[in-house]
Amino acid sequence: MTNTGKTVLWIIGIFFAFVFIFWISIWQIIKSDNDDEFIKSSSSGTVAIIELNEVIEESGDIVRQLKKYKKNNSVRSILLRVNSPGGGVAASQEIYDEVKKTRNSGIPVVVSMGSVAASGGYYISLGANKIMANPGTLTGSIGVIFEFMHFNKMFDKVGISTTTIKSGKYKDVGSPFRETKAEEKIRLQIMLDDVYAQFVDAVVIERKMSRQKAIELADGSVYTGRQAFELGLIDSLGTYEDAIMLAGKLGGIDGEPSILKEKKKEKFSDLLLSKIFSSVSEVKNETLLKYSFQY
């Protein structure tokens, strides 16, 4: 066979490989509902476990699970395992609101803090009936941050310039292609202060704390679980298993509860393509978060 023929066969083979991956992906999207599975089953009532183990970029999956288990008559309480350094403001607020709605519906919610439950991770925890952390958990970091980069000096050195056409004087605030003006910094600070006040309001209401004390604690400081307990930011110290037992107790379960948890399905296409796109995705997500208000 000639080299040209071999090349054609390779091209055809690659084409059909991508077609195969594409149709596998479509089939999995149609069939990819996450199943519940009993991690531990007993004759007692059931505690549903929801895990948040990432930067908070969107609220959809956690909110969906909260709604699902709230409607499940066999679920007596919910354990929300939080292991997150925080993330987007709106997503954190949406999860916090749904946690609070679940609590107010009569389904107890217990937060179990993992290694880190700071900033937005702490914010969403405020909606629970009880917050439990390990003594060494890092939590708190009550505050808001807004960051953006400037490339204009680098561009000046290499001779690159930009042209901006805008409809209003503040439309390009935060542009990386020019320095931020003093009046723009003031406007951004006003917006950030408002978002910060919303965070403090949640601490005051949910922790039944004076506003003065909440503001003293809300300076961005990170606290250990033990410090947070002493300061009144959480309710108790304990392990993941302790939190499960507490959730069961609040749900009126005698003894060791059954544990219900979603089983995440591993998709063939995800496993095949994850290595290719993971680094690109990390860069994209980091860039997006840098240009938004964050808890």
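This briefing covers a helix, a serine and a group of aromatic rings in one structure. The model is predicted. Helix H2 spans residues 60-71. Serine 84 sits in strand E3. Tyr96, Tyr123 and Phe199 make up one aromatic cluster.

**Helix H2**

- Helix H2 has 12 residues.
- At 1.5 Å a residue, H2 should span 16 Å. Its end C-alpha atoms lie 17 Å apart, which agrees with that expectation.
- Five residues of H2 are named here as buried: Ile62, Val63, Gln65, Leu66 and Tyr69.
- These residues cover an arc of only 160 degrees around the axis, so they fall on the same side of H2.

**Serine 84**

- Strand E3 runs over residues 75-84, and serine 84 is in it.
- Serine 84 has a relative accessible area of 0%, so it is buried. The cut-off for buried is under 20%.
- The side chain of serine 84 reaches the backbone oxygen of glutamate 54 at 2.7 Å.

**Aromatic pairs**

- Two aromatic pairs turn up in a search of the whole structure.
- One of them joins tyrosine 96 and tyrosine 123. The pair is edge-to-face, with 5.1 Å from centre to centre and 75 degrees between the planes.
- Tyrosine 96 belongs to helix H3 (residues 89-104) and tyrosine 123 to helix H4 (residues 120-125), so this pair ties together parts 27 residues apart in sequence.
- Another pair is formed by tyrosine 123 and phenylalanine 199. Their ring centres are 4.8 Å apart and their planes meet at 65 degrees, so this pair is edge-to-face. The cut-off for that class is over 60 degrees.
- Tyrosine 123 in helix H4 and phenylalanine 199 in helix H6 (residues 182-206) are 76 residues apart, and their pair links distant parts of the chain.

**Burial in the aromatic cluster**

- Tyrosine 96 and tyrosine 123 are both buried.
- Tyrosine 123 counts as buried because its relative accessibility is 4%.
- Phenylalanine 199 is buried too, with a relative accessible area of 0%.
- Tyrosine 123 takes part in the pair with tyrosine 96 and in the pair with phenylalanine 199.

Notes:
Residues are numbered from 1 along each chain as its sequence is written. This is a predicted model: local features need pLDDT of at least 70, side-chain atom pairs count only at pLDDT 80 or more; totals for chains, interfaces and linings use all residues. Side-chain values use heavy atoms; hydrogens and water are left out. Helices (H or I, at least four residues) and strands (E, at least two) are DSSP runs, numbered from the N terminus. The expected span of a helix is 1.5 Å times one less than its number of residues. Buried means under 20% relative accessible area, exposed over 50%, partly exposed in between (1.4 Å probe, protein chains only). The arc is that of the directions from the helix axis to the C-beta atoms. A polar contact is a pair of N or O atoms within 3.5 Å; within protein, one must be able to donate a hydrogen and the other to accept it, and residues adjacent in sequence count only if both atoms are side-chain atoms. Rings of Phe, Tyr and Trp (its six-membered ring) pair if their centres lie within 6.5 Å; planes under 30 degrees apart count as stacked, over 60 as edge-to-face and the rest as tilted.
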